[in-house]
Amino acid sequence: MSRLRRDPRAEREAMRIAGGARPRFSREASLPVSARPRRDPRAEIEALLVPGGTRPRLDRLSRGGVRPVRDEATSPSESTVQTRIVTEPAFLVAVVPDAPGGRLTPLDRQLFGAAHLLAAGGGAVLALAEPGHDDLAGVGADRVGPLAAVADYDPEARAAAVAQALESLNIRHALFAETAEGGDLARRVAARLGEPLFAGAESLTPKLVTRPARGRRVEQRRAPPRLVSLVADSVAPYGGASCEARAVELPAPVPTTGAILSAEIILADPATVPLGEAEFVVSAGNGVSDIPSFLDLARALRATPGASRMLCDAGLMPRAAQVGASGTVLGATCYLALGIAGAPQHLQGITGCEHVVAVNTDLHAAMVERAGLAIIADAHAVMPALIAALEDEP
Amino acid sequence: MKIVVLFSAGRHPASGAPCPVPVELQALRLARDLAGADEVIGLHAGPVDGAPLDALGHGLGRLIHLRMAQGDDPLPALAQVLEELAPDLILAGRIGQGGEDGGLLPYALARRLGRPILADAASLGAGDDGTLTVEQALPRGARRRVVLRLPALLTVHPAAAPALPFTFAAARRGTVERRDIAPAPAAASEMEERAYRPRPKLIARAAPGASAAERLKAATQAASSGGRLLVDPAPEEAAREILAHLRGIGVLRRRG
Ligand SMILES: Cc1cc2nc3c(=O)[nH]c(=O)nc-3n(C[C@H](O)[C@H](O)[C@H](O)COP(=O)(O)OP(=O)(O)OC[C@H]3O[C@@H](n4cnc5c(N)ncnc54)[C@H](O)[C@@H]3O)c2cc1C
Ligand SMILES: Nc1ncnc2c1ncn2[C@@H]1O[C@H](COP(=O)(O)O)[C@@H](O)[C@H]1O
């Protein structure tokens with residue numbers, strides 16, 4: 001093999017310091033120069049420290065994730081009520097949440113987490129949202145830019161306002177939600193500014209964003225550009241100290257004349273909407289034997305009926321109504337379970353449901369544990385009472 | 001009413017073979033149902049016309065193919081031809097399949113043509129004096145009925161009516177008109193491409209500072225912790241509690 005042959009005598013000679021009676025050598029110049037940055041284990045441990053508590057605790061799971069801010073200014077006694085304050089941000093990272101009806105969705109919270117990743121190193125996170133939102137400081141907005149509320153459905157006016165804010169405040173990154181509404185807004189803003197949009201990013205770090213392309217056969221990656229839209233469940237929401245949510249001035253919007261003459265929302269018919277898309281599902285399990293009464297209840301609540309596998313196997317409910325691992329995985333906001341034990345296969349179908357209400361005779365059923373409101377009672381007594389209570393209402 | 005449907009060079013997500021994008025074929029059906037077969041023109045800009053040719057079999061009478069080199073920007077060519085054709089309505093897919101798949105082209109095109117754009121059309125109906133009624137698909141199966149002044153550009157949602165079936169006779173009847181256009185090289189992008197690798201979805205919703213036990217709990221149990229428990233209430237009281245809870249969440253709709 002042709003390895004270079006070392007010549008120790010010549011190497012020693014190169015290290016010799018000239019002059020002096022005694023031979024002296026310096027190793028300084030001959031140290032190998034490596035391109036790899038030198039690790040600083042103390043600083044790394046410091047960054048993993050979880051605030052609060054008397055014993056030091058390290059969180060190694062959130063690799064590159066959102067780090068709780070450790071505020072040097074506050075004394076340890078007030079460490080429970082610290083706020084993150086960025087007085088002079090070096091740059092701004094904007095978040096444009098969807099927030100239908102003023103409520104932040106889980107994806108909106110994740111956008112703030114992503115924005116804090118990008119804002120590391122002196123940046124501040126700016127929320128561009130219509131006024132009247134729940135707790136923007138808690139989810140991680142350092143600044144809030146109040147967008148003018150658009151009365152009717154006029155996406156182009158909203159895009160114009162966002163584009164104007166991005167231009168005038170000189171924003172480094174803007175994050176959008178890749179949903180029907182947010183994706184539409186992001187593309188309109190991109191077309192207005194004439195800039196590329198990194199649509200549907202699936203992972204995001206300050207150095208790299210990735211997205212699928214060519215029918216999900218290749219992954220495109222680059223340094224984060226100015227406009228990025230993010231898919232759900234790719235970045236953790238911001239979990240650090242509460243932020244300041246200071247209001248900033250936005251320029252007055254220029255009025256646009258849209259081509260939309262009128263718009264009205266037609267709510268989905270809960271009886272025909274597919275189970276996976278339904279917003280509110282009422283489900284019956286083996287504890288319910290009075291199926292007609294259950295279907296009446298679903299109609300009265302305007303919810304989509306579902307069932308556990310036991311009822312579908314028995315032929316009491318159609319197979320399309322089955323909720324669970326081998327049925328439909330729900331995307332519903334609320335799930336009302338009547339007489340369902342909560343087998344793991346069933347619970348897998350409702351992991352995405354934000355709110356669960358259970359009616360069961362068994363105090364120790366898994367579904368009761370999962371529920372936000374659990375009623376230990378006979379479902380056959382509760383169902384008629386519910387129908388009656390709904391009929392009494394104006 | 002003159003309608004142009006935009007076809008991109010689709011690829012099958014599993015095999016990678018050229019095939020039309022399903023949502024563009026649905027757009028074709030919407031256009032045919034609205035204006036009749038003779039008023040619909042297909043438009044494609046690209047190096048080869050493989051995948052869009054299949055659209056002929058799904059009921060497209062005439063396809064205009066703008067020939068350009070691989071990697072050129074289709075936007076100027078499409079804009080130029082659309083200005084010539086001056087259709088009342090332009091339909092595009094919501095998002096392509098096999099190319100960049102960003103769904104940006106219809107927006108950039110609408111901006112360049114100075115037309116309004118509306119996303120996610122699920123069904124169309126002609127209104128009176130130059131208006132169009134569009135049912136827009138919203139999440140959770142809801143619809144928004146929008147009345148729009150023409151000319152306009154719409155993108156079509158997969159919830160629209162299914163595409164017409166492929167028939168061999170229609171594929172043979174349809175005509176293709178090929179045009180050569182001035183090259184417009186696309187701006188260099190710093191995008192790097194690799195084989196796709198699915199990324200793990202985030203499940204644990206606990207804050208990053210939480211302990212391991214808290215994270216496990218967040219992953220397996222209720223998102224809304226601190227559940228309330230009522231043991232053996234009277235049925236009426238149970239019903240009242242449930243309705244108050246549902247109303248607090250905001251899922252209960254008022255009747256009317
Ligand atoms: C491979 C595989 C896949 C599966 N996939 C699914 C799936 O996708 N979906 C699914 O649902 N199941 C699935 N299962 C079945 C699952 O394991 C359970 O058997 C099933 O979910 C139990 O249904 P249940 O809770 O309705 O019935 P049970 O387990 O019989 O529970 C009935 C519950 O009702 C309560 N009850 C009884 N009487 C009353 C009353 N009068 N009022 C109120 N409550 C009452 C009881 O206390 C009990 O908690 C699967 C199983 C396997 C092996
Ligand atoms: N080269 C092209 N020629 C014609 N139409 C196109 C072309 N590229 C994209 N489109 C249209 O734009 C839609 C969105 O494409 P994309 O922006 O690539 O996701 C597609 O569904 C097509 O309707």
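A backbone N or O atom of B:Gly102 lies 3.5 Å from an oxygen atom of ligand 2. The model is predicted.

**Polar contacts of ligand 2**

- B:Gly96 has a polar backbone atom 2.8 Å from an oxygen atom of ligand 2.
- For B:Gly103, a backbone N or O atom is 2.8 Å from an oxygen atom of the ligand.
- At B:Gly102, the corresponding distance from a backbone N or O atom to an oxygen atom of ligand 2 is 3.5 Å.

**Shell around ligand 2**

- There are 19 residues around ligand 2, and those that come nearest are B:Leu6, B:Glu24, B:Ala45, B:Gly96 and B:Gly103.
- Sorted by class, the shell holds 11 nonpolar residues, 6 polar residues and 2 charged residues.
- Four elements of chain B each give at least two residues to this shell: strand S2 (40-46), helix H3 (74-85), strand S4 (89-93) and helix H4 (105-113).
- S2(B) supplies the largest share of the shell, 3 residues.

**Extent of the chain B and chain A interface**

- Chain B brings 84 residues to the contact, and chain A brings 88 residues.

**Polar and charged pairs across the interface**

- The interface of chain B and chain A has 4 salt bridges.
- One salt bridge joins the side chains of A:Glu219 and B:Arg199, with an N to O distance of 3.2 Å.

**The side of chain B that touches chain A**

- Two or more residues come from each of H4, strand S5 (117-126), strand S6 (131-137), strand S7 (143-149), strand S10 (192-195), strand S11 (228-231) and helix H7 (235-249) of chain B.
- H7(B) gives the largest share of this side, 12 residues.
- The class make-up of this side is 37 nonpolar, 19 polar and 28 charged residues.
- Helix H4 of chain B contributes to the shell around ligand 2 and also to the side that touches chain A.

Conventions: Residues are numbered from 1 along each chain as its sequence is written. Chains are lettered from A and ligands numbered from 1 in the order in which they are written. This is a predicted model: local features need pLDDT of at least 70, side-chain atom pairs count only at pLDDT 80 or more; totals for chains, interfaces and linings use all residues. Side-chain values use heavy atoms; hydrogens and water are left out. A residue is near a molecule or strand if one of its heavy atoms lies within 4 Å of it. A polar contact is a pair of N or O atoms within 3.5 Å; within protein, one must be able to donate a hydrogen and the other to accept it, and residues adjacent in sequence count only if both atoms are side-chain atoms. Ala, Val, Leu, Ile, Met, Phe, Trp, Tyr, Cys and Pro count as nonpolar, Asp, Glu, Lys and Arg as charged, and the others, Gly among them, as polar. Contact means heavy atoms within 4.5 Å.
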